[in-house]
Amino acid sequence: MTTATIPGVGRVPRKYVPVLVTAVLFLVMFAAGGIRYEDFATGQIILNVFIDNAFLLVVAVGMTFVILTGGIDLSVGSVVALSTMVAATLLKHGWSPWLVILIVLLIGAVLGLGMGAIIHYFEIQPFIVTLAGMFLARGLCFTIDTESISIDNSTFVGFAQTRIDLGGEMWVSPSVLIAVAVVLVAAYILHYTRFGRNVYATGGSEQSALLMGLPVGRTKIAVYTISGFCSALGGMLLSFYMLSGYGLHAVGMELDAIAAVVIGGTLLTGGTGFLLGTVLGVLVLGLIQTIISFEGTLSSWWTRIFIGLLLFVFILLQRLFSARSRQ
Amino acid sequence: MTPNLTAFLRHRLFWPVAILVGLLLLNLIFTDNFFHIEIKDGHLYGSLIDIFRFGAPLMLVAMGMTLVIATSGIDLSVGSVVAISGALACLQISELGDQNSTGGVLRAVGVALVLSLILGAWNGLLVAGIGIQPIIATLILMVAGRGLAQLITGGQIITVNSTSYKLIGGGYWLTLPFGIIIVAVVLLLTALLTRRLALGLLIESVGGNAEASRLAGIGSRAVLMTVYTFCALCAGIAGLMISSNVSSADGNNAGLWIELDAILAVVIGGTSLAGGRFSLSGTMLGALIIQTLTTTIYSIGVPPQTTLLFKALVVTIVCLLQSPAFRAKVFHRRRRPTGAPPVAEEKVSVTA
């Protein structure tokens with residue numbers, strides 16, 4: 001196995017290098033924040049990043065599956081918005097909250113399944129199919145209602161306001177626990193099951209996977225279904241967070257999710273990457289927002305510029321790594 | 001079917017034209033005097049003129065996008081370039097002592113366009129120089145660009161009050177809306193450069209197979225740089241039009257989702273996303289279809305927000321029709337009982 005020598009760490013397998021780079025970046029940012037601002041270097045700051053980005057984490061997990069097969073899913077932001085919208089509307093009509101959650105998750109999975117089926121059976125590029133899915137989901141949002149609908153169901157409010165104490169004045173929201181559970185399950189599926197192997201194989205080389213007799217079609221359809229399901233679940237977490245359904249929720253979230261996956265070291269051509277990297281990617285994005293809000297004088301649009309810069313650096317790094325490993 | 005009719009139906013512009021005509025006829029039912037064009041105060045007025053006028057920015061952006069897609073690339077950053085160019089021009093004009101001075105407005109327009117060129121060259125450098133996938137390379141500017149635009153405007157909406165600047169997007173010249181004239185000039189120049197000179201052939205060959213083109217002695221990198229720069233320039237001009245039409249620059253919302261509309265226009269126009277072949281006239285038709293669709297939805301009285309639903313339907317149908325796999329699976333099976341056509345014929349129709 002190819003290895004790279006990193007001072008102080010010793011030799012590590014090359015495939016872990018991108019994740020390590022992201023981890024180091026996260027630690028450096030956290031340390032820099034701790035030195036620069038008072039009250040920054042506490043455990044709660046990291047937990048707050050989780051609390052504020054639980055929905056993004058879930059969405060990014062789904063996106064990781066898709067990108068690992070070499071595809072892309074542009075519809076996630078719209079599906080998140082649609083989920084908040086459907087949930088808010090059904091709750092307003094007095095439906096049971098658990099039934100609502102079930103229906104929303106089902107809608108997300110079915111949308112993903114549909115897109116995956118079109119991508120596989122009709123051999124249309126994922127980019128354009130999920131673009132259509134994006135239009136469809138946003139259009140459906142606005143067809144339901146153009147205004148924001150607030151949620152006052154007691155179960156949803158309960159999810160929003162419950163604090164789970166972790167001791168030492170630290171707490172998390174139930175959404176974080178759900179997100180962490182999703183990450184753990186996804187990591188198990190991706191790294192320890194036959195399906196996970198198929199995902200990597202399909203992304204590595206679809207042709208080879210096909211010749212090896214792997215169920216490429218089923219895998220591809222499944223990853224889009226997973227992404228749709230994760231988006232719907234992310235939508236649920238967002239509606240716990242916002243306590244409203246709105247067609248303009250989560251505009252541009254697909255970009256944040258893709259950025260998190262890329263910063264986490266997953267190759268956009270597919271086949272290489274880890275779920276842990278995606279978690280780190282989401283944490284880095286969240287920490288940027290935290291630092292900018294601590295800085296106070298920097299306006300919110302600097303977030304976008306920093307994310308763009310980070311994307312650039314990491315894509316350049318990916319390029320370097322893949323160029324060197326080919327030699 | 002007679003051979004002539006078959007050739008007509010198989011023509012690559014047949015479906016776009018048919019959809020456009022269908023949409024226009026639909027309007028005829030819902031809107032009185034839809035096809036009526038009159039001259040008021042020396043300006044042309046009418047619903048058809050409005051479709052052209054409001055569709056002009058999209059036509060420009062889609063034109064640049066066509067060339068990028070022909071090289072089997074894609075440019076996601078056009079929306080951000082639209083916002084940046086409009087923001088920069090409006091910022092400079094708002095700082096002028098006399099906002100109507102032609103020189104000042106020209107300089108503002110010039111600076112905005114030069115910045116657009118630089119942004120395009122940046123995209124081109126990432127794609128051609130470093131070799132990053134186009135989707136990802138332009139994603140960087142798409143994400144950061146909105147931030148840059150807001151940085152320029154300071155997070156505010158900059159309003160200007162300049163009649164000379166208003167001309168670009170909202171003015172008239174020789175009875176025609178000025179925007180239409182700009183589109184016509186850019187289209188003519190592009191058509192001349194790509195169809196009368198070798199550039200079009202080079203673009204198609206790079207899109208068909210970049211490596212083979214390089215071995216054949218074509219400077220693939222220079223070609224790629226050219227198309228990305230051109231695409232950003234088109235987006236820059238479109239940004240000037242959009243901000244000039246409303247006399248203000250909004251870093252957050254100007255040109256939002258125009259990249260998707262532009263890609264949609266290109267795809268409807270019959271340019272394959274796989275690259276290697278493009279049709280400027282098809283793209284123009286595609287952009288007109290999208291604008292007519294928007295106008296139709298307003299005139300029928302359906303809530304305008306549902307435009308996105310219709311767009312989703314149109315993209316899906318067009319892509320399915322263009323997909324060889326879909327044709328083979330759906331049409332082939334249906335035709336077989338009445339005598340299947342030769343396979344070769346199927347292949348010809350794929351290029352539409």
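Residues are numbered from 1 along each chain as its sequence is written, and chains are lettered from A, with ligands numbered from 1, in the order in which they are written. Because the model is predicted, local features need pLDDT of at least 70 and side-chain atom pairs count only at pLDDT 80 or more, while totals for chains, interfaces and linings use all residues.

**View 1. Chain A meets chain B.** The contact (C-beta atoms, placed from the backbone, within 7 Å) takes 34 residues from chain A and 33 residues from chain B. On chain A's side, α5 (126-144), α11 (253-263) and α13 (301-326) each give two or more residues. Helices here are DSSP runs of H or I with at least four residues, numbered from the N terminus. The most come from α13(A), with twelve residues.

**View 2. Helix α11 of chain B.** Take a look at residues 220-246 of chain B, which form this helix of 27 residues. Next comes S247(B), whose phi is positive, near 55°.

**View 3. Helices α7 and α8 of chain A meet.** Here I189(A), L190(A), H191(A) and Y192(A) of α7(A) touch F195(A), G196(A) and V199(A) of α8(A).

Note on methods. Contact = placed C-beta atoms within 7 Å. Expected span 1.5 Å × (residues − 1).
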